[in-house]
Amino acid sequence: MDEKVIAAARAAYPAGRARITLGAVVHDGEIHPDPLVGIPFEMMNRHGLVAGATGTGKTKTLQLMAEQLSRAGVPVFLADVKGDVSGMAAPGAPHPKISERASATGYAWNPEGFPVEFLSLTGKVGAQLRATVSSFGPLLLSKVLGLNDTQTSVLTMVFRYADDRGLLLLDFADLRAVLQYLSGDGADELKEYGGMSRQTVGVLLREMIELEAQGAGAFFGEPEFDLADLMRCAPDGRGIVSMLELRDVQDRPALFSTFMMWMLARLYNTLPEAGDLDKPKLVFFFDEAHLLFNGSSKAFKEQVEQVVRLIRSKGVGVFFVTQSPKDVPADILGQLGNRVQHALRAFTPDDEKALRAAARTFPKTSFYDVQATLQSLGTGEALVTVLDRRGAPTPPFATHMVPPAASMSPLPDAEVARHLAASAQVREYAQAVDRHSAHEMLQARARAAADAAAAALPAQPASSAGGRAPAARAAKEPPGALGKALNSPIARTVAGVVARGIMGALLGTATRRRRR
Ligand SMILES: Nc1ncnc2c1ncn2[C@@H]1O[C@H](COP(=O)(O)OP(=O)(O)OP(=O)(O)O)[C@@H](O)[C@H]1O
Ligand SMILES: [Mg+2]
């Protein structure tokens, strides 16, 4: 291989510095067997992009970054979109292809399984991930419901209305009750809130009921997932790899990406400023990131852009993984300092345009024809440019990626079951659900007594809250009892929390409690 290429790579990636190893330089069809190319740990909070056509190696790149972060004591959060990352919990099995890749890249391959915690939106394949409706907020909820800009602003107003009235929005039944009230008996109250029509509220209600029918009730409510759980290390010092399992919600792609955005926004709100760290506190991988941005409102994109920009100073790195860089809005793309671009195909004129655009985002190089290289990269190869220690982009090098240390196949079901049974986190969130039910029942009893005393008042029948059992419903205030709600001691104590949390994690200052 041309000595000038190797010398340039050595200059860009000086020896003896801790970094995430990505792979070995490829030039003119030849691999230089030295795993030079990598991302300095302290630059992992400068965010990144892993892109490439289907099957080119994006998820494996994500895996090998996650593995090395964990080994260095950095917790990682990622979504296991296709179920193929769960294997990280088990050591990789020796295979001729692995040995071949290891020797081609000059990499000492040692099989290793990592400390993994599974999370799940249904609670079936991991610890139940849950958010309250109020902390999720109108913007993210609009994204999940597929609302347009006008509908989004109406939903925002509904949240404000609930906040003004001290109506705590915890689960879907709460929101449904408010929407039902505003599109029915309470329509008059809309007058105070310019631009909210009964009809639009009715549309929101229908969208919401549809989402609820698909099981969204499970992940809205209490106890909310504690984001501090993502920041843990195993007793051996390796970072916990928290993995959102998605095989149970394949049909709602907007859902998990929005949930991940909620987590990120929540982290942003809760973490202190960190200054310059020698390694990040947490790295967050958004696989299939196009799902986050497809059809999302301008307001939503702006909020994502803001959170991504600001979370860096809190020591959190964010990596977007997607097929084409054009899946990511330009304002966000501009903040992604580390780029691992796997092969791009150019079948259609649109593809070709995207390819040219992708090529233009790379720093200048005299060693490669960037556009041609992007089309000719093999599986598990990428054109890489990262931020060096001074924060300057390294010249691009075509890179043959090293093999991951953990298994690249999905973890067998029996192994997953064993993990879930052994997980304190899974138990913790399961137990907390029980505790919550008990709490609700106690409140319901207190309320039943109050109702008996107030029997003379022309109160709204409990069925207006959407047919939920009165005992369960009574814990929160049905909108028909607005006056009572405002005067109830429960409503008053929660009002402060509502006021802070009501606009959602993206806009508000979240409060955080540790439960253990
Ligand atoms: N670093 C690597 N080490 C070993 N094998 C790899 C590596 N990268 C890619 N491969 C091989 O390529 C295959 C496809 O990789 P991967 O699943 O990461 O692609 P992808 O870009 O995520 O695909 P999709 O778009 O379908 O999600 C893997 O199953 C593996 O066999
Ligand atoms: Mg993939």
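**Figure 1. Helices α4 and α5 are roughly antiparallel to each other, an angle over 145 degrees being counted as such, under 35 as roughly parallel, 65 to 115 as roughly perpendicular and the rest as oblique.** The model is predicted; local features need pLDDT of at least 70 and side-chain atom pairs count only at pLDDT 80 or more, whereas totals for chains, interfaces and linings use all residues. Residues are numbered from 1 along each chain as its sequence is written, chains are lettered from A and ligands numbered from 1 in the order in which they are written, and side-chain values use heavy atoms, with hydrogens and water left out. The axes of α4 (residues 133-145) and α5 (residues 149-164) cross at roughly 165° and come within 9 Å. Axes are lines fitted to C-alpha atoms, for helices over the stretch in contact, and angles run from 0 to 180 degrees between N-to-C directions. Helices (H or I, at least four residues) and strands (E, at least two) are DSSP runs, numbered from the N terminus. On the α4 side, the contact (heavy atoms within 4.5 Å) is made by Val133, Ser134, Gly137, Pro138, Leu139, Leu141, Ser142 and Leu145, and on the α5 side by Thr152, Leu155, Thr156 and Phe159. Seven of these residues are nonpolar, five polar and none charged (Ala, Val, Leu, Ile, Met, Phe, Trp, Tyr, Cys and Pro count as nonpolar, Asp, Glu, Lys and Arg as charged, and the others, Gly among them, as polar).

**Figure 2. Helices α5 and α7 are roughly perpendicular to each other.** Their axes cross at roughly 90° and come within 10 Å. Gln151, Val154 and Leu155 of α5 form the contact with Thr200, Val201, Val203 and Leu204 of α7. By class, the α5 and α7 contact holds five nonpolar, two polar and no charged residues.

**Figure 3. Helix α6 (residues 172-182) packs with helix α7 (residues 198-213) at an angle of about 155°, the axes being 9 Å apart.** This arrangement makes α6 roughly antiparallel to α7. Their crossing is left-handed. From α6, Phe172, Ala173, Leu175, Arg176, Leu179, Gln180 and Leu182 meet Arg198, Val201, Leu204, Leu205, Met208, Ile209, Leu211 and Glu212 of α7. Eleven residues of the α6 and α7 contact are nonpolar, one is polar and three are charged.

**Figure 4. Ligand 1 is surrounded by 18 residues, each with a heavy atom within 4 Å of the ligand.** The closest are Gly55, Lys58, Thr59, Lys60 and Lys82. An oxygen atom of ligand 1 lies 2.8 Å from a side-chain N or O atom of Lys82. From the backbone, an N or O atom of Gly55 is 2.9 Å from a ligand 1 oxygen atom, and a polar atom of Thr56 is 3.2 Å from an oxygen atom of ligand 1.

**Figure 5. The loop between α7 and β8 (241-245) contains Pro223, and Asp236 is found in the loop between α7 and β8 as well.** The peptide bond from Glu222 to Pro223 is cis, with omega near 0°. The side chains of Asp236 and Arg238 make a polar contact at 2.9 Å (a pair of N or O atoms within 3.5 Å; within protein, one must be able to donate a hydrogen and the other to accept it, and residues adjacent in sequence count only if both atoms are side-chain atoms). Asp236 and Arg71 are 165 residues apart along the chain, and their C-alpha atoms are separated by 9.6 Å.

**Figure 6. Asp28 lies in the loop between β1 (19-27) and β2 (30-31), and Pro33 in the loop between β2 and β3 (37-40).** Asp28, a residue other than glycine, has a positive phi near 50°. Pro33 and Thr105 are 72 residues apart along the chain, with 4.4 Å between their C-alpha atoms. Beyond its neighbours within four places in sequence, Pro33 is in contact with Ser103, Ala104, Thr105 and Gly106.

Technical notes:
A crossing is left-handed if the near helix is turned anticlockwise from the far one by less than a right angle, and right-handed if clockwise.
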